[in-house]
Amino acid sequence: MEAASDPLSWDSMPSMPSPAMRAVNDITFGSIAGMVSKVFEHPFDLTKVRLQSQVLDTTARFNGPIDCLVKTWKNEGFRGLYRGLPAPIVAAMLENASLFMSYSELQNVIRRVNSQPLSHDLSLPQLALAGAGAGAITSFLLTPVELVKCKMQVQMIAPKSLLVSIPESTAAATLDSTLGPISRPLPGPIAVFMSVIRTEGLRGLWLGQTGTLIRECGGGAAWFATKEFVGTTLIKRRGSELTRKDIVPWESALSGACAGGVFNFSMFPADSIKSTMQTEEDLRPRGSNAPKPTFLGTAKAMYRAQGVKGLYAGCGITVARSIPSSAIIFLIYDGLSSRFG
């Protein structure tokens with residue numbers, strides 16, 4: 001049965017493009033899917049980072065995700081909900097382009113190692129392995145961008161302004177550690193990026209890399225494997241002779257939604273530790289001579305402060321927003337791949 005015979009199917013196009021064209025398609029389609037999903041989810045991501053970053057505070061600034069969203073809206077307005085958006089959009093485009101391209105190429109590597117044709121469908125463990133490898137590769141691109149994003153997302157609740165030079169015209173109303181309005185110049189992503197390089201060097205851009213690597217490696221395996229498993233299960237309900245390429249839009253969305261929830265819940269502690277490390281100097285400055293936070297050290301401190309609950313601060317809203325966000329990503333990616341790939 002051809003996918004085009006189903007009225008709900010994506011339009012079919014010739015298969016097996018050249019490796020170069022396949023890579024271009026993966027980068028383009030992944031970038032578009034990531035950009036669209038990030039615009040939708042950014043206010044919830046900002047809430048997650050702010051909740052994660054207060055775990056080690058003596059007094060919490062927010063009582064939960066709803067309280068954080070309400071206070072952000074009340075004190076910072078619509079613009080506050082999208083603070084730091086350029087960096088996450090770049091991150092989302094990089095992440096999804098890298099993930100999908102690496103995932104596709106690693107599948108072909110696995111086929112070659114096993115002397116299988118490129119058209120051969122891999123097993124679920126093999127797909128999970130390709131997903132883990134794709135996540136590991138992507139993590140090195142993501143950490144610097146997420147560092148800038150996290151620093152920008154806590155600017156308004158930081159106890160003091162960042163030590164960077166910016167024009168007076170960029171000054172804006174902001175908040176101190178008790179959420180009271182004060183006037184403070186807020187640096188943009190380029191200023192934050194350059195500040196990190198000046199104070200920490202290029203190596204400083206990869207602060208939190210261990211957490212990103214764990215999250216993306218394990219999350220990539222969970223994300224792709226869950227999507228493939230749920231998607232294949234739904235496809236086979238329509239006909240045992242159908243393959244993964246015969247997936248229809250609602251199946252892409254549903255399987256993507258499941259994948260998003262599994263990814264974020266399973267790897268959330270690693271993300272919490274990473275975000276805390278990346279905002280530590282902004283929210284709880286310890287001086288230039290103090291040792292830099294480490295992954296294990298931060299994990300222990302968070303566990304001592306609030307136990308397992310601290311490692312999952314902001315998890316509920318993250319999983320809730322990741323479900324529709326991941327559905328959007330796979331709906332767009334699968335649709336573009338089927339129509340133009």
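**Close-up views of a predicted model**

**View 1. Gln278 and its polar partners.** The side chain of Gln278 reaches the backbone oxygen of Leu207 at a distance of 3.0 Å, in a model that is predicted. A second polar contact, of 2.8 Å, links the side chain of Gln278 to the side chain of Lys274. Gln278 belongs to helix H8, and with a relative accessibility of 0% this residue counts as buried, because buried means under 20% relative accessible area. When neighbours within four places in sequence are left aside, the residues in contact with Gln278 are Thr143, Glu146, Leu147, Cys150, Lys151 and Leu207.

**View 2. Leu142 and the residues around it.** Leu142 is part of helix H4, and at 1% relative accessibility Leu142 counts as buried. Which residues does Leu142 contact, if neighbours within four places in sequence are left aside? They are Ala91, Glu95, Thr212, Arg215 and Glu216. For one of these residues, Glu95, the separation can be stated in two ways: Leu142 and Glu95 are 47 residues apart in sequence, while their C-alpha atoms are 6.6 Å apart in space.

**View 3. The largest cavity and its lining.** The structure holds two cavities of 30 Å³ or more, and the largest cavity contains about 470 Å³ of space. The lining of this largest cavity is made by 31 residues, of which Lys38, Glu41, Glu95, Asn264 and Arg321 are the closest to its centre. Two or more lining residues come from each of helix H1 (19–53), helix H3 (86–113), helix H4 (124–153), helix H6 (209–238), helix H7 (249–266), helix H8 (268–283) and helix H10 (315–340). Sorted by class, the residues that line the largest cavity are 10 nonpolar, nine polar and 12 charged.

**View 4. Thr72 in helix H2.** Thr72 sits in helix H2, which covers residues 65–81, and at 1% relative accessibility Thr72 counts as buried. A polar contact of 3.2 Å joins the side chain of Thr72 to the side chain of Arg50.

**View 5. Ser115 in a loop.** Ser115 is placed in the loop between H3 and H4. Is this residue buried or exposed? Ser115 is exposed, with a relative accessible area of 69%, because exposed means over 50% relative accessible area. Although Ser115 is not a glycine, its phi is positive, at about 55°.

**View 6. The whole protein, as a setting for the close-ups.** The protein has 10 helices and two strands, and along the sequence these elements follow the pattern α-α-α-α-β-β-α-α-α-α-α-α. Of the 341 residues in the protein, 53% are buried. Among contacts between residues at least 6 apart in sequence, 77% join residues that are at least 24 apart. The accessible surface of the protein comes to about 15,500 Å², and 67% of this surface belongs to carbon and sulfur atoms.

How values were computed:
Residues numbered from 1 in each chain as written. Predicted model: local features only at pLDDT ≥ 70, side-chain atom pairs only at ≥ 80, totals over all residues. Heavy atoms only, no water. 1 Å grid on protein atoms, 1.4 Å probe; cavity = no way out; pocket = protein on both sides within 12 Å on 5 of 7 lines; lining within 4 Å. Points joined across faces, edges and corners; volume = space filled by probe spheres on them. Helix = DSSP H or I, 4+ residues; strand = E, 2+ residues; numbered from the N terminus. Nonpolar A, V, L, I, M, F, W, Y, C, P; charged D, E, K, R; others polar. Buried < 20%, exposed > 50% of the residue type's maximum accessible area, 1.4 Å probe, protein only. Polar contact = N/O pair within 3.5 Å; in protein donor to acceptor, adjacent residues only side chain to side chain. Contact = heavy atoms within 4.5 Å. Areas by Shrake-Rupley, 256 points an atom, 1.4 Å probe, with all protein chains shown as cover.
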